[in-house]
Amino acid sequence: MSVLNKLLLVLSVVPMALSYPFFPPTCYSKALRMAQELTQMAADLKIGYETGHCMAHMPDLYLDIHNACVMYKMRAYISLVEDLRLRRCAYTREVRKLEVTLRQLFIIMGEKCHGDLVFTVYDCAALERPYHRY
């Protein structure tokens, strides 16, 4: 009986140990991950079959959450994506997902993580180039 109890204990502890880390993501790590995903999502939409014709004239989206100009850049890009929808150019699920996720990141950075994020750079031109310090 003792061996069976130990075996059950080991079988219940091993999955918990394998699901490391135990801590939830911080506001900073969530914003950083979302910025990386959005940068990649926008690049994929520009070359996608269904969305390439709509997104071809859109500027490249490079989000660096360490740059103080990122909030302005996101707000401007959200407006551009909304204009695509007004012209009935991009009624696809992918473009809608880009708009919603970008809006979520804007809210997270502006309201939820307001005290947690520190902008180390104020260079708006840097957001036009693909170099990032992730």
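Me: Why is the disulfide between Cys 69 and Cys 124 called left-handed?
Reply: The torsion about the S-S bond of Cys 69 and Cys 124 is about -70 degrees, so the disulfide is left-handed. This is a predicted model, in which local features need pLDDT of at least 70 and side-chain atom pairs count only at pLDDT 80 or more, while totals for chains, interfaces and linings use all residues. Residues are numbered from 1 along each chain as its sequence is written, and side-chain values use heavy atoms, leaving out hydrogens and water.

Me: What makes Cys 69 and Cys 124 a disulfide?
Reply: A disulfide is a pair of cysteine sulfur atoms within 2.5 Å. The sulfur atoms of Cys 69 and Cys 124 are 1.9 Å apart, and the two form a disulfide. Cys 69 lies in the loop between α3 (52-55) and α4 (70-86) and Cys 124 in the segment after α5, so the pair ties together parts that are 55 residues apart in sequence. Helices here are DSSP runs (H or I, at least four residues), as strands are (E, at least two), numbered from the N terminus.

Me: Why does Cys 69 count as buried?
Reply: Buried means under 20% relative accessible area, exposed over 50%, and partly exposed in between, with a 1.4 Å probe and protein chains only. Cys 69 has 4% relative accessibility and therefore counts as buried.

Me: Is Cys 124 exposed, partly exposed or buried, and why?
Reply: Cys 124 counts as partly exposed because its relative accessibility is 38%.

Me: How many disulfides does a search of the whole structure find?
Reply: The search finds 2 disulfides. One of them joins Cys 27 to Cys 113, with 1.4 Å from S to S. The pair links distant parts of the chain, 86 residues apart: Cys 27 belongs to helix α2 and Cys 113 to the segment after α5 (93-112). The torsion about the S-S bond of Cys 27 and Cys 113 is about -85 degrees, so this disulfide is left-handed. Both Cys 27 and Cys 113 are buried.

Me: How do you know that the length of helix α2 agrees with its number of residues?
Reply: The expected span is 1.5 Å times one less than the number of residues. Helix α2 (residues 27-47) has 21 residues and should therefore span 30 Å; its end C-alpha atoms are 31 Å apart, which agrees.

Me: Why does Leu 45 count as buried?
Reply: Leu 45 has 5% relative accessibility, so it counts as buried. Leu 45 is found in helix α2. Other buried residues of α2 include Ala 31, Met 34 and Leu 38.

Me: Which residues does Leu 45 touch, not counting those up to four places away in sequence?
Reply: With contact meaning heavy atoms within 4.5 Å, Leu 45 touches Thr 51, Gly 52, Met 55, Glu 94, Val 95 and Leu 98. Leu 45 and Val 95 are 50 residues apart in sequence, and their C-alpha atoms are 7.5 Å apart in space.
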